[in-house]
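Work through the following exercises with the sequence and the structure side by side. Each task is followed by a solution that goes step by step.

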Amino acid sequence: MQADRGKFEMTRVALTVNDEKRIVETPPMKRLLDVLREDLHLTGAKEGCGEGECGACAVLMNGDLVNSCLVPILQTQGAEIITIEGIAIDKKLHPIQQCFLEQGGAQCGICTPGMILATYHLLENIPQPTLLQIQEGLNGNLCRCTGYMRIFNSVLAAAAKATPQSETQ
Amino acid sequence: MRSNVTEYELTAPRSLDAVLQILADSPDRYTPIAGGTELMVALGAGRLQPKKLISLWNLKELRFIEVTPDAVIIGAATTFTDIRKHPIVTAEFSILAQAASWTGSIANQNRGTLGGNIVNASPAADSPPVLLAYDAAVTLVSTRGIRTIPYRDFHISYKRTDLAQDELLHSITLSRNMHGYTTYVRKVGTRNAQAISKVAVAIVASSNHGVIESIRIGAASLRETPARLVATEQSLLKQKITPATIAKARAAILSETIPIDDIRSTAKYRSVVAANLIEEFLQTL
């Protein structure tokens, strides 16, 4: 295996992470999750299952919610990535984060970054979701503390507070 | 154990032509990767065998939904989210949109592609039963040219397809002649969200005064590939729905399905539930 190292070229990938242009030299199949955590030291995205089932590594890629453990870094060439670190506005908690805090939507916290990004994505698409739509929007995000009711309440509170469009404008 | 990523090569040509040229010229096999919802799982688990991969993600020649007067043509790298958001697909091919809605989570629907779901060739995949019921056609492309075949002929045996080494699945064509047909799709899994199916059935049928005039049944997890249930269809053609017809259809299902016992379910459960699903549909006619 040692002999194989360096056999393949490292790839230069230019992407935007939380509105900052970044360039990484990396093996092209390295997972976006690992680049975020190891190369860019953004440890908000968590590795839960590593197989796209739990959503703890969820980030936004060109506005779409994706599991960063399933994205080879080369496919982010030129992409805009938003992680949980990029959600706060002017160092103040985003209203979704504030609602999770107030409603007790976070317990151990491992699922929380993914939950908040999934909520962000949901409210972008459906500003006033029904409970059923919230359940579908978050069905790829597992909370092993099983605090789902409080998480749903957090999403409802965030939807009631404002739509994402009006906050970012 | 996780794979060592430095052992893998990934290239991302900017055009379909460039991809096809590489597939044609390379003595080694390149494995196409689109949204990564299958292959990246294998990478994470340390069991991704192919070492040379070629990215199809966001290739515009493969990510499109084209509507003509007669057909809807869906590019192979179109995501399940693209499909769910398309007004004509949701209106005229509602069971495809429904199957797309339960193909993994929203995050996976944003990345997973219809072509990937087909080419991965899992017998349990979510979209193939519906595509079989709609009698879709698939178009395959290489530097040698383009060919279109009925989707029902695409899967040859377990995980083997009709694709040649230098070919890609280009698109899936659905005929816009669904007026007057009744459709049905149901997936049975451990839970609603995200579970891989134990068994799934999709049906497109037409009837006149209670007599079945045409019927196509696509099924997942009942044979070694996604499959049409032809004997069951034959047992129902030109029949009125009576207890005797239903009994015959149930017998036909047992005769032509070869389900397996695995971690998700048992063969016996699968065949009984498949028969129940088809009976559930027949009762609605």
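**Exercise 1.** In which sense do strand β1 and strand β5 of chain A pair, and over how many bridges?

*Solution.* Begin with the conventions: this is a predicted model, in which local features need pLDDT of at least 70 and side-chain atom pairs count only at pLDDT 80 or more, while totals for chains, interfaces and linings use all residues. Residues are numbered from 1 along each chain as its sequence is written, and chains are lettered from A and ligands numbered from 1 in the order in which they are written.

Next, locate β1 at residues 11-17 and β5 at residues 80-82 of chain A; the two pair in the parallel sense over 2 bridges. Strands (E, at least two residues) and helices (H or I, at least four) are DSSP runs numbered from the N terminus, and two strands pair if DSSP finds at least two bridges between them. One bridge to look for joins T16(A) to its partner E80(A) in β5(A).

**Exercise 2.** Which strands of chain A stand at the edges of the sheet?

*Solution.* First write down the strand order, which in this open sheet of 5 strands with mixed pairing is β2-β1-β5-β3-β4 (chain A). The edges are then β2 (20-26) and β4 (64-67) of chain A, each of which has a single partner strand, so one side of each is left without a neighbour in the sheet.

**Exercise 3.** Is A100(B) buried or exposed?

*Solution.* Start by finding A100(B) in helix α5 of chain B, which covers residues 94-101. Then apply the cut-offs: a residue is buried if 20 or more other C-beta atoms, placed from the backbone, lie within 10 Å of its own, exposed if 12 or fewer do, and partly exposed in between. A100(B) has 28 other C-beta atoms within 10 Å, and therefore counts as buried.

Finally, look at its surroundings. Beyond its neighbours within four places in sequence, the contacts of A100(B) (C-beta atoms within 7 Å) are F80(B), I83(B), R84(B), Q109(B) and S127(B). Although A100(B) and S127(B) are 27 residues apart in sequence, their C-alpha atoms are 6.7 Å apart in space.

**Exercise 4.** How is chain B divided into domains?

*Solution.* An automatic or database domain assignment supplies the bounds, and it gives domain 1 (5-55), domain 2 (65-175) and domain 3 (182-284) of chain B.

Methods
Contact = placed C-beta atoms within 7 Å.
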